[in-house]
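Trainee: I have the coordinates open and would like to work through them with you. Where do we begin?

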Amino acid sequence: MSRVHDMGGRFGDGAVNASDDATFAQDWHARALALTLAAGALGQWNIDISRHARERLSPKDYTRFSYYEKWMGGLAELLVEAGIVTREELQSGKADGISPLADRKLLAEKVVAALAAGGPADRPSDIAPAFKRGDKVRLRARAGNTLVNGGHTRLPAYAAGAVGEVVIYHGTHILPDSSAHGLGEAPEPLYAVAVKATELWEHPENPNDEVILDLWQSYLEPA
Amino acid sequence: MPHDHPHTDLPSDPALRVKALETLLVDKGLVDPAALDEIIETYAHKVGPQNGAKVVAKMWVDPAFRAAMRSDPMPLLREMDLYGRQGEHMIFVENTPEVHNVVVCTLCSCYPWPLLGIPPGWYKSDAYRARVVREPRAVLADFGVTLPEGKAVRVWDSTAETRYLVVPERPAGSEDMSEEELAALVTRDAMIGTGLALEPKS
């Protein structure tokens, strides 16, 4: 998998366009968001699988697509991989009959409750926390998935190998590196780790600045 | 670039593609168009930064509420009906004279939907995601915000399902304002950390 989505710390993107501040700049953006949520409500994938689908877009598409085009590209891929629609249906735009999942369709009157129900990621785990607040930890040296070669991970490359300090223990949460690949939720301890700007960058703006990342225990070792 | 499209009466290609996918899923019985309308109505009009502003204003005026929000906000957010998708694990981080907080998601676009709604275009942009972890002060300058040299910047990268919301410093001169008046000073950008709370009108 490319890591084109992993852009923290990259140079060359120019100024942030603060005036691009609409929630939905065009009507189809709202439609794309709603379609993604409604399809997700069919229960055929989880958030880690859907993130991985967007990250797997070819680097060329990831770069040239606008934000919600990436969502639509990821959604089309998920629908095909889950066997919900066929490539032929996508290409022709013609449905080959009613889906067996039709009775799971999200109905308008259920929308507000479904959104309010949320999807918490904390789970009980047998894995005991190895670190506590104040402990020094080293982040895994390479931002790769150790379970699936080229798989999904939530360790950004810019922080890989850095040393930081645990500032919050979040409890045990689903491990995306496993969950994104249908390997189970594999919950483990999750921490917020503060890394000094001086540790991350050759030329930090200010030596007092820091970046805080949420990191799973298997991303960390004692430092 | 989405904003460089020439204005024509024809929908742009992505709009047609979204429509085609919707039609296909509706024909297969998988999507209810009225449900799509309801989702859009929710995030375009009902759920937005006014929710977060209400919480921040209450934290400013009510020390017991503030302490409870700092230690365990989720039961209170549920009580206030501010729980939901992308807001299951909230943490409120407070700006102080010593520290300014900023939130980003460098890997995608994680954002606290129940409290701020759907993120603005710039939050999802490559430039913001790439730059704010490396040069937060330069990015803040793009928003017209200048911090004193002595103030540290803490950038929170939302790499898990935890969502962070910045509690801006309460502006001077707001001592006599009501909670409702205070909420009007709390902007979306102030709760992301790319802005500060508005000054009260004298």
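Mentor: Begin with a definition: buried means under 20% relative accessible area. Keep in mind that this is a predicted model.

Trainee: Is M191(B) buried or exposed, and at what relative accessible area?
Mentor: M191(B) sits in helix α10 of chain B. The cut-off for buried is under 20%. M191(B) is therefore buried, as its relative accessible area is 0%.

Trainee: Which residues is M191(B) in contact with, leaving aside neighbours within four places in sequence?
Mentor: Contact here means heavy atoms within 4.5 Å. Sequence neighbours within four places are left aside. The partners of M191(B) are P49(B), G52(B), A53(B), V56(B), L116(B), L165(B), V166(B) and V186(B).

Trainee: What separates the C-alpha atoms of M191(B) and A53(B)?
Mentor: A53(B) is among the contacts of M191(B). Along the chain the two are 138 residues apart. Their C-alpha atoms are separated by 8.0 Å.

Trainee: Where does A197(B) lie, and what is its relative accessibility?
Mentor: A197(B) lies in the segment after α10 (188–192) of chain B. A197(B) counts as buried because its relative accessibility is 11%.

Trainee: How far apart in space are A197(B) and R170(B), C-alpha to C-alpha?
Mentor: Beyond four places in sequence, A197(B) is in contact with residues including E169(B) and P171(B). W60(B), P168(B), L185(B) and A190(B) are also on that list. R170(B) is 27 residues from A197(B) in sequence. In space, C-alpha to C-alpha, A197(B) and R170(B) are 6.9 Å apart.

Trainee: How are α3(B) and α4(B) set relative to each other?
Mentor: Helix α3 (residues 49–61) and helix α4 (residues 63–71) of chain B have axes that come within 5 Å. The axes cross at roughly 120°. The crossing is left-handed. α3(B) and α4(B) are therefore oblique.

Trainee: How do the residues of the contact of α3(B) with α4(B) divide?
Mentor: α3(B) supplies V55(B), K58(B), M59(B) and V61(B). From α4(B) come P63(B), F65(B), R66(B), M69(B) and R70(B). The division is six nonpolar, no polar and three charged.

Trainee: Now chain A. How are α2(A) and α4(A) set relative to each other?
Mentor: Helix α4 of chain A covers residues 67–81. Its axis and that of α2(A) come within 8 Å and cross at roughly 115°. The crossing is right-handed. α2(A) and α4(A) are therefore roughly perpendicular.

Trainee: How do the residues of the contact of α2(A) with α4(A) divide?
Mentor: In α2(A) the residues are I49(A), S50(A), A53(A) and R54(A). They meet K70(A), W71(A), G74(A) and L78(A) in α4(A). The contact divides into four nonpolar, two polar and two charged.

Trainee: Which residue of chain B is in contact with D48(A)?
Mentor: D48(A) is found in helix α2 (residues 47–55) of chain A. D48(A) counts as buried because its relative accessibility is 3%. From chain A, its contacts beyond four places in sequence are H152(A), I174(A), P176(A), S179(A) and A180(A). From chain B, the contact is E161(B).

Trainee: How far apart are the end C-alpha atoms of residues 13–194 of chain B?
Mentor: An unreviewed UniProt entry lists this span as "domain: Nitrile hydratase alpha/Thiocyanate hydrolase gamma". The span is 47% helix and 13% strand. Its end C-alpha atoms lie 33 Å apart.

Note on methods
Residues numbered from 1 in each chain as written. Chains lettered and ligands numbered in written order. Predicted model: local features only at pLDDT ≥ 70, side-chain atom pairs only at ≥ 80, totals over all residues. Heavy atoms only, no water. Axes fitted to C-alpha atoms, helices over the stretch in contact; angles between N-to-C directions. Helix = DSSP H or I, 4+ residues; strand = E, 2+ residues; numbered from the N terminus. Parallel < 35°, antiparallel > 145°, perpendicular 65-115°, else oblique. Left-handed = near helix turned anticlockwise from the far one by under 90°. Nonpolar A, V, L, I, M, F, W, Y, C, P; charged D, E, K, R; others polar. UniProt positions renumbered as here; feature names shortened; annotations may be inferred. Buried < 20%, exposed > 50% of the residue type's maximum accessible area, 1.4 Å probe, protein only.
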